[in-house]
Amino acid sequence: MKLTMLGTGLDDIHEIFITHKHTDHLLGIVWVVRVVCQQMMKGKYDGILNVYGHDEVLNLLRDMAGKLLWEKEFAFIGDRILLHEVTDGQCAEIIGHKTTFFDVCSKKAKQFGFSMEIRENEKLVCCGDEPLHDTVMNYAENAKWLLHEAFCLYSERDIHKPYEKHHSTVKDACELAETLGVQNLILYHTEDDTIADRKNLYTREGKAYYHGNLFVPDDLEKIDL
Ligand SMILES: [Zn+2]
């Protein structure tokens, strides 16, 4: 199994999960859906595209697609592009793996994460884009892989002000992963000012607090799970 931060051809993407309605998480999906519709019309996309999300995000996606896509494109929605509404605690089988969706208890906008069993007793957990809430810690305990946001370095918290935006620093995310017994931590959803040296800077700070494998992926980077 591979986890891809972009870089894969859209024809290879058949499962999409949308966490919440913020523009940096939702608007790109409209474009992806449009390109998949076009590929379907050209006979260049095989099978189905499944999109998972809670009621709020799927209603917005359906509404935007209805207003923005051509009629011929929109006709694929409900036919070969299936929108699956999920509720807190609901399970689904995705690419052969049991996946449980959960409400991350966001203060910003209704937001879900998920836990996927990638192998027996090995789970991949996505926490969305804010610090994992106390009430859902159980989903991430002893995770094989944890995807957690880290908006900036702890040493730069006064510059980027992560706490005002309900975000974590590298140190915070790493301390949490250490406490939860996570084996592999993937940090994402970061500020862009340090992008040129982000991998080194974030890894250096994180390693002081976390002893598992720490990943700070660049765009297009692939990770073997
Ligand atoms: Zn975000």
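Helix α1 meets helix α2 through L26, I29, V30 and V33 on the α1 side and V57, L60, L61, M64, A65 and L68 on the α2 side. Contact here requires C-beta atoms, placed from the backbone, within 7 Å. By class, this contact has ten nonpolar, no polar and no charged residues. Nonpolar covers Ala, Val, Leu, Ile, Met, Phe, Trp, Tyr, Cys and Pro; charged covers Asp, Glu, Lys and Arg; the others, Gly among them, are polar.

The model is predicted; local features need pLDDT of at least 70, side-chain atom pairs count only at pLDDT 80 or more, and totals for chains, interfaces and linings use all residues. Residues are numbered from 1 along each chain as its sequence is written.

The axes of α1 (residues 23-41) and α2 (residues 55-68) come within 10 Å and cross at roughly 50°. α1 is therefore oblique to α2. Angles under 35 degrees count as roughly parallel, over 145 as roughly antiparallel, 65 to 115 as roughly perpendicular and the rest as oblique. Axes are lines fitted to C-alpha atoms, for helices over the stretch in contact, and angles run from 0 to 180 degrees between N-to-C directions. Helices (H or I, at least four residues) and strands (E, at least two) are DSSP runs, numbered from the N terminus.

Strand β9 (residues 145-149) is largely enclosed by the rest of the structure, because five of its five residues are buried. Buried means 20 or more other C-beta atoms within 10 Å of the residue's own, with C-beta atoms placed from the backbone. W145, L147 and E149 point one way from β9; L146 and H148 point the other way.

Strand β8 (residues 122-126) runs parallel to β9, joined by three bridges. Pairing requires at least two DSSP bridges. C126 stands opposite L147. Five bridges join β9 to the parallel strand β10 (residues 184-188). There, Y188 is the bridge partner of E149.

Definitions and conventions:
Contact = placed C-beta atoms within 7 Å. Buried ≥ 20, exposed ≤ 12 C-beta atoms within 10 Å, placed from the backbone.
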